[in-house]
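Subject: The structure for you to look at

Hi,

Here is the structure I promised to pass on. Please have a look at it first, and then read my notes below.

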Amino acid sequence: MTRIRLLTAAVLVVGVVAGPSALPAAAPAAPAAPAAVSSAVSAQSPNPALEAAIAGLPTADATAALVRVGGKEGVWRGGSGVHDLRTDRPADPAARFRAGSVTKVFTAAVALRLAEEGLLDLDRTARSYLPDLLPAAYKNVTVRQLLNHTHGIPPAGFPATTVEESYEIRFQVHDPRAMVRSATSKPPEFAPGERQHYLNIGYTVAGLLIERVTGDSYERQVARRVLKPLGLGDTYFPGANPRIIGPHNHGYQTMRLDDGTVGLRDVSVWGATDAWAAGDIISTTADLERFTRALFQGRVVRGPLLEEMFALPKATDFKTGEPAAYSVGLSMKVLGGREVWGKTGGRWGYNAAVAATRDGSRTLVYSVNSTDAKGQAMNKVAQDIMVATYGRP
């Protein structure tokens, strides 16, 4: 039996209790009819490719998807899948979700705003702001290098290497300073500026920099400088609360269960303090679309500093040797023959992305309740959405 048949059978015959519980492997059964697309497609700009990209959920790859496409090239709204596998209720189109590393765009925007105000200098060393935290081995790392992943700081040590081990410690609270100390106790991966290695740790340090130069919490600074001015009322930082406050579609992860079988577990309740300023934000597609439009229009970061978000460093990737693909806060990929800038994010059970062409003529925001949100390959539903919106690489 295929993985898709197993999942649709599970939707039919297996109950899932609320919270972080297990969905046991299902007995063989005929596939059920797919869930209907729950949001109408805008008549202004029909898009059969986008309809097809999210049709038929839940599948083995995802249980729900929410999509918003905007810009002068046309507007499209769509949703598919279920709120949860226990009730089969349609997915909530206004649901909040974990946006993962999309958080980095907010962090970078605040850092650039502080640079505009003269509170941060992108060319100054991070250690000059945090001498009590960063050791001499990292004395040459600049603020800009933290933000574009060319700093050379290795990842912090983490007590889990598999999803199952991570699930067991999902409520553990992580202190950002302790994580930085763990990372900087190890030797640098490379000299600052030479290579690019996409990691969370640079943004953890950036969050602490924001706190140091403002004398305020990272979360309040993002709220003051971005969330409140833009009216992003459904976007917030969860802190140590492992639950998503308000309406949300459940996230599920494929993993080994207690009985030794592999199946889906409800992972909606899961702490995100390990990510903090690099990946713990919770939002909605409507809020992220508003943020993306404002960012690309220069209403969040203004003037020359905005160009930092669209400038790739002259470095090569630490693992592949290919040219750097990450700027300050964003990344770039050529799709359909044009540059698309944005950021993807993943937390267990949830994938998200914001993206736009440089002129903002076509924007995309999606939330996909992926069953393997941290897999090596891009989730198929998310990939199909991206290709349907912009074209193939």
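Tyr-218 and Phe-237 are both buried, where buried means under 20% relative accessible area, exposed over 50% and partly exposed in between, with a 1.4 Å probe and protein chains only. Before I go on, please note that this is a predicted model, in which local features need pLDDT of at least 70, side-chain atom pairs count only at pLDDT 80 or more, and totals for chains, interfaces and linings use all residues. Residues are numbered from 1 along each chain as its sequence is written, and side-chain values use heavy atoms, with hydrogens and water left out.

The ring centres of Tyr-218 and Phe-237 are 5.3 Å apart and the planes are at 70 degrees, so this pair is edge-to-face. Rings of Phe, Tyr and Trp (its six-membered ring) pair if their centres lie within 6.5 Å; planes under 30 degrees apart are stacked, over 60 edge-to-face, and the rest tilted. Tyr-218 belongs to helix α9 (residues 218-230), while Phe-237 sits 19 residues away in the loop between α9 and β6 (252-256). Helices (H or I, at least four residues) and strands (E, at least two) are DSSP runs, numbered from the N terminus.

In total there are 9 aromatic pairs. Another of them joins Tyr-167 and Trp-270, with centres 5.7 Å apart and planes at 65 degrees, so it is edge-to-face too. Here 103 residues separate Tyr-167, in helix α6 (residues 163-168), from Trp-270, in the loop between β7 (262-266) and β8 (281-283). Tyr-167 is buried at a relative accessible area of 5%, and Trp-270 is buried, also at 5%. Together with Trp-348, these two form one aromatic cluster.

Tyr-167 has a charged neighbour as well: Arg-170 lies over its face, 3.8 Å from the ring centre. A charge sits over a ring if NZ of Lys or CZ of Arg is within 6 Å of the ring centre and within 35 degrees of the ring normal. Arg-358 lies over the face of Phe-310 in this way, at 3.7 Å from the ring centre.

Last, a helix to look up: α3 (residues 103-116) has 14 residues and reaches 20 Å from first C-alpha to last, close to the 20 Å expected, which is 1.5 Å times one less than the number of residues. Of its 14 residues, 13 are buried, so α3 is largely enclosed by the rest of the structure. Just after α3, Gly-118 takes a positive phi of about 85 degrees.

Best wishes
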